[in-house]
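I opened this notebook to record what I looked up in one model. The entries follow the order in which I consulted the structure.

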Amino acid sequence: MKILVLSGSPRKTGKTGQMVAAFKDGAESAGHEVVIHDVGRMKIGGCLACEYCHTKGEGTCIQKDDMQKIYPDLYSADAIVFASPIYYFTMTAQIEDAIQRFYPTGTIDNIKKCALILCSASPGVYSASEAQVADMSGYMGWEQAGVITVCGADEIAPEKIREAFDLGKNM
Ligand SMILES: Cc1cc2nc3c(=O)[nH]c(=O)nc-3n(C[C@H](O)[C@H](O)[C@H](O)COP(=O)(O)O)c2cc1C
């Protein structure tokens with residue numbers, strides 16, 4: 001199975017990055033292919049609602065930015081993982097921009113499964129992101145494979161790293 005990971009942290013070696021690395025190790029141990037896009041560090045504009053994609057563009061976006069690097073993987077992946085720090089009770093603006101740029105096709109039928117990894121300083125800050133991904137999965141027809149949350153300023157507990165590994169392995 002090909003798994004696309006959209007990783008929303010602008011920090012290269014932050015907690016999200018560590019959890020994604022463990023997820024990748026687990027997924028690869030089960031024979032899956034994992035493609036990671038660090039959207040937190042990419043230049044991706046918000047959707048312009050210009051409707052070019054639904055008219056002249058015939059499914060392509062008019063904005064020729066870093067989202068163009070993601071589209072081929074988006075349209076060939078079997079599963080998708082959203083991994084992000086929590087910024088003000090939602091996923092980062094960068095990953096939200098990438099998600100909203102799914103607009104050219106609306107639903108993405110090649111993807112069958114999704115998972116969510118969220119990192120934060122405080123507990124109890126995940127409800128908006130969990131609801132968003134649950135609603136989006138319902139709309140897209142994706143099975144939800146799992147949600148992992150990690151909180152606190154200290155190093156990530158080994159059990160959480162293991163949870164990410166196992167989520168990857170069991171996708
Ligand atoms: C702009 C900004 C907003 C944040 N907002 C929240 C928040 O609302 N709740 C929370 O628990 N942590 C918040 N945090 C803390 C991050 O979620 C936390 O440090 C997370 O582990 C960062 O992930 P990373 O190490 O992958 O970059 C915020 C951090 C930043 C920079």
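The entries below go from conventions to strands, helices and the ligand shell.

**Conventions.** I worked on a predicted model, in which local features need pLDDT of at least 70, side-chain atom pairs count only at pLDDT 80 or more, and totals for chains, interfaces and linings use all residues. I numbered residues from 1 along each chain as its sequence is written. I took helices (H or I, at least four residues) and strands (E, at least two) as DSSP runs, numbered from the N terminus.

**Strand 1.** I looked up burial, calling a residue buried if 20 or more other C-beta atoms lie within 10 Å of its own, exposed if 12 or fewer, and partly exposed in between, with C-beta atoms placed from the backbone. Five of the six residues of strand 1 are buried. For pairing I required at least two DSSP bridges between two strands. Strand 1 runs parallel to strand 2, joined by five bridges, and Val5 stands opposite Ile36 in strand 2. Strand 1 also runs parallel to strand 3, again through five bridges; there Leu6 faces Phe82.

**Crossover.** I noted that strand 1, helix 1 and strand 2 form a right-handed β-α-β unit; right-handed denotes a clockwise path from the first strand over the helix to the second, with the strands pointing away from the viewer.

**Helix 2.** Which residues of helix 2 are buried? I found Met67, Ile70 and Leu74. They lie on the same side of helix 2, because they cover an arc of only 60 degrees around the axis; the arc is that of the directions from the helix axis to the C-beta atoms. The face turned away from the buried side carries exposed Lys69 and Pro72. The buried residues of helix 2 pack against strand 1, strand 2 and helix 3.

The ligand is surrounded by 15 residues, the closest being Gly14, Thr16, Pro85, Ser120 and Ser122. Helix 1 (15–29), strand 3 (79–87) and strand 5 (113–120) each give two or more residues to this shell, and strand 3 gives the most, three.

**Gly14.** I located Gly14 in the loop between strand 1 and helix 1. Gly14 counts as partly exposed because it has 15 C-beta neighbours inside 10 Å. Beyond its neighbours within four places in sequence, Gly14 is in contact (C-beta atoms, placed from the backbone, within 7 Å) with Ser9 and Pro85.

Notes. Near = placed C-beta within 6 Å. Contact = placed C-beta atoms within 7 Å.
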